[in-house]
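Please open the structure in your viewer and keep the selection panel at hand. The tour below goes from one selection to the next and says what is to be found at each stop.

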Protein chains: 2
Amino acid sequence: MDFNGKKMDERLKKQLEFSLEIDKEKNVFRQTHLSGLGRNENDAEHAWHMAVMAYVLREYSNDEVDIARVMLMCLIHDIVEIDAGDTYAYDEEGLKTQKEREERAKERIFSLLPEDQKRDLATLFEEFEDGETPESKFAHAMDNLQPLILNHSNGGSDWREHGVTSDKVYGRQKMTAAGSQRLYDEVTGPIIRENIEKGNIELSGADYDPDECI
Amino acid sequence: MDFNGKKMDERLKKQLEFSLEIDKEKNVFRQTHLSGLGRNENDAEHAWHMAVMAYVLREYSNDEVDIARVMLMCLIHDIVEIDAGDTYAYDEEGLKTQKEREERAKERIFSLLPEDQKRDLATLFEEFEDGETPESKFAHAMDNLQPLILNHSNGGSDWREHGVTSDKVYGRQKMTAAGSQRLYDEVTGPIIRENIEKGNIELSGADYDPDECI
């Protein structure tokens, strides 16, 4: 894109180039389907949904959080997928190379920004990936809860389509409990149990206790 | 959606119902096309894009802003369009009824939330609509700048398709200057002039002075 570069300040030009580049996140599609048995969801609208949910549900975070930081983390956490693509949570082969693909993407895409903003957003992305701060734990809870409620509203069709087993779902959803025990106990756990009982999630091993939430 | 309501706290249930309802914003499509001459953009991904751009470009706001408030405003400003639909910025007939349609939508959709959160988000939406605070002015600047850079990257095709005239574009883009004179002067103004010169925006009346930015 030509931003009339000859007269434009270099810093502003870089910020606009980044702004245009991230438009591509709208073309990265996920396995989750929109409610009403709709089309596949893309990363940009997933990030938007997570950020709004984080704000509305912030009172349930295990620890007090800087909600602005959580929201921003939600908004930028999938930008790397412009290059690296979406890796389905239950795609074991894809998960093996995900880290390396996302590292390269982080370097390329955030480097479009001025150096200070590159550092700022790359650090925030790494904080999300590490999942150790209250903010990143709550952002991960939203990253799990958002597709869970869509999938449940669609009668568990995404789980059925991929033949997902209960150990995998429980494994992934532990991150929800790390961010919000209350949302895990009152929403995630009951939804998983209901979908196991209905046969949407395939029961695997001895990991299932209908009265237990984790 | 059934959230196992019989055991669920009423407040949490309402918050989840709102969270699921806003998924519908992903099905509200705009006139703007994604970069690379892509498909029409939807409201949810537009809101996401605006919020990230607000963060990256915040240093150019005319006045100091609470960036978390700006971002949240960007994220929720189009939720009313789930009921009211998208009104194209240059659709004069649609604009006449837009306010009334959006008022009804605001009441219905935000009422899904607990009362305190309904007030919180409805107030934030009204602040955006009024456009009088520094935060709402900067959010409006993003609401204008985001489709402008997409459209410019596509060779001005959205303007050509709708036969948009320069007085309309200048009229709308005044809101960009109210939020960020610098972005108006260095990005919006040059992009509009270039697209008038290329014939993508139809020149109308005597409102065009190639050396003037507002």
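Select helices α7 and α9 of chain B, where α7(B) passes α9(B) in a left-handed crossing, a term used when the near helix is turned anticlockwise from the far one by less than a right angle, with right-handed used if clockwise. This is a predicted model, in which local features need pLDDT of at least 70 and side-chain atom pairs count only at pLDDT 80 or more, while totals for chains, interfaces and linings use all residues. Residues are numbered from 1 along each chain as its sequence is written, chains are lettered from A and ligands numbered from 1 in the order in which they are written, and side-chain values use heavy atoms, with hydrogens and water left out.

The axes of α7 (residues 134–153) and α9 (residues 166–179) of chain B come within 7 Å and cross at roughly 130°. That makes α7(B) oblique to α9(B), since angles under 35 degrees count as roughly parallel, over 145 as roughly antiparallel, 65 to 115 as roughly perpendicular and the rest as oblique. If you display side chains here, the residues of α7(B) that meet α9(B) include F138(B), A141(B) and L148(B), and among their partners in α9(B) are R172(B), M175(B) and A178(B), contact meaning heavy atoms within 4.5 Å.

Staying in helix α7 of chain B, select H152(B). At 8% relative accessibility H152(B) counts as buried, the term for under 20% relative accessible area, with exposed over 50% and partly exposed in between (1.4 Å probe, protein chains only). Its side chain is joined to that of N195(B) by a polar contact of 3.1 Å, that is, a pair of N or O atoms within 3.5 Å, of which, within protein, one must be able to donate a hydrogen and the other to accept it, and residues adjacent in sequence count only if both atoms are side-chain atoms.

Finally, select K26(A), in the loop between α1 (10–21) and β1 (29–33) of chain A. K26(A) is buried, with a relative accessible area of 0%, and its side chain makes a polar contact of 2.7 Å with the side chain of E41(B). Other residues that K26(A) touches include N42(A), W48(B) and L150(B).

Technical notes
Axes fitted to C-alpha atoms, helices over the stretch in contact; angles between N-to-C directions. Helix = DSSP H or I, 4+ residues; strand = E, 2+ residues; numbered from the N terminus. Lists of a residue's contacts leave out its neighbours within four places in sequence.
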